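Open the model in your viewer and keep the sequence panel beside it. The stops below say what to select and what is there.

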Amino acid sequence: MNYGQQVEIKVPFKRELLPLVVSCVEQSAQAFGLRREESLPLALAAEEVFSFLTAQAQEQETMGLTCRFGGYYVETIYRFASRALPMRALNITAAVSVEDEKSLEDMGLLLAARSVDSLRFSTDEEGNMALHFLKEKGYPEFSSEQSHSNLSGETSFQVVNGQPELLKQFAGRVVKAYGKDAPSFFRFPGKLVDMVASGEYGAALLVDGKSNIGGGMLWRIGSKMVEAYGPYLFLAQPSLAQDLVEGCLGRIARTKAVCLVIRQGTAQTPQEYFESLGDQALYRQLGEDNGTVAFIHPSLTPFLEKAYQDLFLPRQIQEVEYQGEKIASYSAFAAHIDREAQKVVLSTLGVGADAAQNLLEHVQVLREEGINELFFELDAGVPEQAILGPDLLTAGFVPTLILPWGGRGDIILFEHKKGEGL
Amino acid sequence: MLGKIPPLEKLVPSYIQKIEPYIPSKPDDVLKKMFGCSTLHRLNNNENALGPSPMALEAVRNFDPVQAAIYPSGDAYHLRYRLGQCFGHSPDAFLVGNGANEVIAFVIKAFCQEGDNIITADKTFAVYEWVAEFSGFEPRLIPLKDYGFDDQAMLQAIDQRTKVIFLCNPNNPTGTYWNEEKLRNFLDQVDGKQIVVVDEAYAEFVEAEDFPNAMEMIREYPNLVVFRTFSKMFALAALRIGYLVGDERVVDVIRRTCVVYSVNSLAQQAALASLEDAEEHMQRTRKLMREAKEYLGGELTRLGLFHIIGEGNFAVIRLPMSDTLAYRKLMRQGMMVRAMTGFRFPNHIRVTLGHLPVMEDFIKALKTIILD
């Protein structure tokens, strides 16, 4: 199976076609490598999404369904005409009342949203909507009993691209040397191989003449921002960390990416290649930044002006305020949850009139679930998001840093202070 | 009613989808406003600080505006004849393009088909790689060796599907060059099997005595194609005009892919005039470059910054910080340099050499950002 291969069908919104939709998703997912039990959450999502949309569909309307092979995951995408999608159902905090019939209708979507590894919502230029559900494959975990050859500081290393066997060795060495300080996917060497093979990730590895791995870097290629991990070094030669960073930068320098971020650097990360964005990230741009517009609520202008001054960023700040115009009734926020770190990063799926209350509910629920670190990413490149500024401040979020070009424009990262806004 | 947006994901080939369009820098007035600087020195594009030659300036001033209504000579007839006289080749050995970038595309289109590849270096002028990529051909990028093109590694990378080899001589951005012996050895080993392009965009700046006369070598090596531009030494960058020269039979093939009428009349007339006082203009420019190189080299050494000042009108400097951050900090002070991550030289900047007062201002600005 080739990465990116997909199955596509176009289905009229007819209740009797539900088995076809569910079957298509389930069988495609299994053909793309998911075990049966792994494919079931996607099938459940298919059932709930199609049923919900069919109940509200108009005559002659159709839904596009795509099942895509991503190597280490399967993605199902539902495309349909613009309609009042119950955005609130996609919130992690969505509550269901048994006395509220409307709420019960939404429950299925809520279950669908929670049963998969990732959910994303998008719209196209014509206002059509798409729901993306993603389920990852399961992989055997690295066995700590596996041994690797000892490395010699005398050996010379070359920076090479990640080949499967080298990547597996790299993953194992990362787990042994860095333990829980490294992202959890390193514990699954086969997954790392598939991640790189999918083209969504890149890797630069230090290899000696005997195919021993002396270190490596991994990066995820986003639309504008590359997120890198490492550099991981398995012997004490600081110059090798420079080689890895330069190897990484050389491989992404002429791609679509405009910036690179390392959210969790290692002790070996050579600082001179990066700009510090506070304690939480190392950052660098890949090209010359000649400016863009930042849309922001006036309450955040002083913060933004200072941040741009400190970062030498050329920006035109355009203030945006809510002035009573019609907006959607409900807002929805995506929650990226890292349970190990007890950390959640919220971002905007849709802006709606209930945003202030919705944010407060998110804070409450997540704090009750024991989440220690709570962040919100606001995209200053999306004018509609600017009106969330006052709601975020009211809910106890405080702007802490700018991630230039982290989204459509700059991302403003807010941190929630415990005890605030509740 | 608004038209329907085409299904771009399906219409656009995969090799185009992964390419980001090149976004040129914004105009000076916009940049000055964005960065809050009152003046802006463009030291990023290797333009000639002296500007066009006196004869070229006169040609531009004397351009008859009425001619704007008339198509230009579609194949730059007079210019090709004059170039032929200057360099001792037939006018048909020359092909003039809308800047040298255009002739790069002509060559690749003329010789490559699906499955073919081109060979060049990883850290050189990016356009050979870009044109190959967005045309769907594989660019094989050979790492530089000691900051110069690695002849042996390039030869080893050749296979049955290699059609064109691009050398940048002297190399942008490192200023290294192959001397005649090295170029001749390389051409001997290629043995006429591939087209070898020698891009001499900066050749007129070179003062080294062993720099090859590639135009002359075309007679011995018919697979050799030489690029030249009027944008750098002759300072006609805004008019977009460059050319290639090669064996007539090879150029005849390339001409089949070229866009006629792409070079405007003003550019053709200014380029013709440039050739009339070329020698004096080159001497004055080279003198300016010598002064700038001596000054800048000394200051950079005193600052302890690794730098490469080779042949050409530019210097490359390694900084103890991100080049893209340095770019923004220097822009605040009105100094526009080239951040080199895009050339695969992270933490390096490239600076165009120019008049001493500007070089002094650049050093002042540089000191503020590295001693900050």
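Select chain A: buried residues make up 43% of its 422 residues. A residue is buried if 20 or more other C-beta atoms, placed from the backbone, lie within 10 Å of its own. This is a predicted model, in which local features need pLDDT of at least 70 and side-chain atom pairs count only at pLDDT 80 or more, while totals for chains, interfaces and linings use all residues. Residues are numbered from 1 along each chain as its sequence is written, and chains are lettered from A in the order in which they are written.

Helices (H or I, at least four residues) and strands (E, at least two) are DSSP runs, numbered from the N terminus.

Next, colour the domains of chain A: domain 1 (6–136), domain 2 (158–285) and domain 3 (292–416). Their bounds come from an automatic or database domain assignment.

Select domains 2 and 3 of chain A, whose centres, taken over C-alpha atoms, are 29 Å apart. Their contact takes twelve residues from domain 2 and seven residues from domain 3. Two residues are in contact if their C-beta atoms, placed from the backbone, lie within 7 Å. On the domain 2 side, β10 (259–262) and β12 (282–285) of chain A each supply at least two residues.

Finally, show chain B with chain A: the contact takes 25 residues from chain B and 24 residues from chain A. On the chain B side, select α3 (28–35) and α14 (323–332) of chain B, the elements that give two or more residues. α14(B) gives the most, with six residues.

Key
Buried ≥ 20, exposed ≤ 12 C-beta atoms within 10 Å, placed from the backbone.
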